[in-house]
Amino acid sequence: MSFQDHIDHCNDGAATEAVPFFAGETALGRVTPTRAAMMIDTWSCFTAANDGGVALRADIQSPEQRTEAIGGVIDELVRMDEVTGFRGELYPACNKWGETSHFLFERAASAWFGLRSYGVHMNGYVRNSDGSMSIWIAERAHDKPSYPGMLDNMVAGGQPYNFSLFDNLVKECQEEADIPADLASRAVATGCLTYTHLGSNGIKPDCMYNYDLELPADFTPRNTDGEVEQFVLMPAEDVVEIVRNTKRFKFNCNLSLLDFFIRHGLVTPDDEPDYVALCQRLRS
């Protein structure tokens, strides 16, 4: 196991054979040829497109019409067990956050259509009196439908269409770790990380917006939404070794933490032979 292995795992969907999924003239997703054929043969709202791809019919033009059409398809996919883990949470279909959404879709279906999803990840840390650093780590609830019991960033969540990134982060801080809004608002945006993972439901291109929050030594997080089993404050060096040598963290959290390690000098070019490659590949 190595840092590079985690990046490889997150990007194991990049080379998957796939064709584009269009709304109008915009390619928004990637699906396998088999799935494209299924879409065209099963639902009248889809039609064949260039490059062997699939598109929403040309007469389904407005975002509202597209949302209704895609929503009906997703409802059927859920009944067929093709899409699992329904959240009732709508994501925007767009290639860059902040663009006008072409339609809205159920979060759980993003990988089925190969649509890009967005999320916020925050690493909470404490500066100790001896100058060292400790990092708050969340253990995911053992009854959580995805990645139960695995380690996670202190706060993380998907990005719904109707929140700004920062407002969503503040909301997630309150729900997941009981961090009051005035404290959560001190979080600092540190960049974004991208990857393309091959999930159980399909191709998953993701963009994670990263944040750091320095917390007071006397603050103890408390979960309020049932999604976290417990929080543990770990010496930063221990977290580095867990990421370097194990698969204990949910797969994409490794990227957020690795970026944190590099920015805070916990992994340096003197002690990591793959340092340049790691820096480059985190935003591949």
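What covers the buried residues of α7? I'll get to that in point 3, after some ground rules.

1. **Ground rules.** This is a predicted model, so to speak of local features we need pLDDT of at least 70, side-chain atom pairs count only at pLDDT 80 or more, and totals for chains, interfaces and linings use all residues. Residues are numbered from 1 along each chain as its sequence is written, and side-chain values use heavy atoms, with hydrogens and water left out. Helices (H or I, at least four residues) and strands (E, at least two) are DSSP runs, numbered from the N terminus.

2. **The main core.** A nonpolar core here is a set of buried Ala, Val, Leu, Ile, Met, Phe, Trp, Tyr and Cys residues joined through side-chain atoms within 4.5 Å. Buried means under 20% relative accessible area, exposed means over 50%, and partly exposed is in between (1.4 Å probe, protein chains only). The largest core has 30 residues, and V239, F249, L255, L258 and F261 touch the most other members. At least two residues each come from α1 (3-10), β8 (133-140), β11 (188-199), α7 (236-245), α8 (253-263) and α9 (275-281). The largest share, seven residues, is supplied by α8. Apart from this core there is another one, of 28 residues, including V31, V73, A93 and F103.

3. **Helix α7, inside face.** Have a look at A236, V239, V240, I242 and V243: these are the buried residues of α7. Looking down the helix axis, they fall within an arc of 165°, so they line one face of the helix. (The arc is taken from the directions from the helix axis to the C-beta atoms.) Now for the opening question: the cover over these residues includes α1, β8, β9 (151-152), β13 (228-235) and α8. Contact means heavy atoms within 4.5 Å. Leaving aside residues up to four places away in sequence, V239 touches I135, I137, M234, F249, L257 and F261.

4. Side chains of opposite charge can pair when their charged atoms come close. A salt bridge is a side-chain nitrogen of Lys or Arg within 4 Å of a carboxyl oxygen of Asp or Glu, and by this rule the count comes to 14. One of them joins E241 and R244, with the closest N and O atoms 3.3 Å apart. The two sit three residues apart in α7, so about one helical turn separates them. E241 is partly exposed at 36% relative accessibility, and R244 is partly exposed too, at 22%.

5. K171, E172 and E175 are linked by salt bridges. K171 meets E172 at 3.3 Å, N to O, and pairs with E175 at 3.6 Å between the closest N and O atoms. K171 and E175 are four residues apart in helix α5 (residues 165-177), about one turn. Buried or partly exposed? E172 is buried, at 8%, while E175 is partly exposed, at 31%.

6. **A buried Asn.** N252 is in the loop between α7 and α8, and counts as buried at 5% relative accessibility. Its side chain makes a polar contact of 3.1 Å with that of Y195. (A polar contact is a pair of N or O atoms within 3.5 Å; within protein, one must be able to donate a hydrogen and the other to accept it, and residues adjacent in sequence count only if both atoms are side-chain atoms.)
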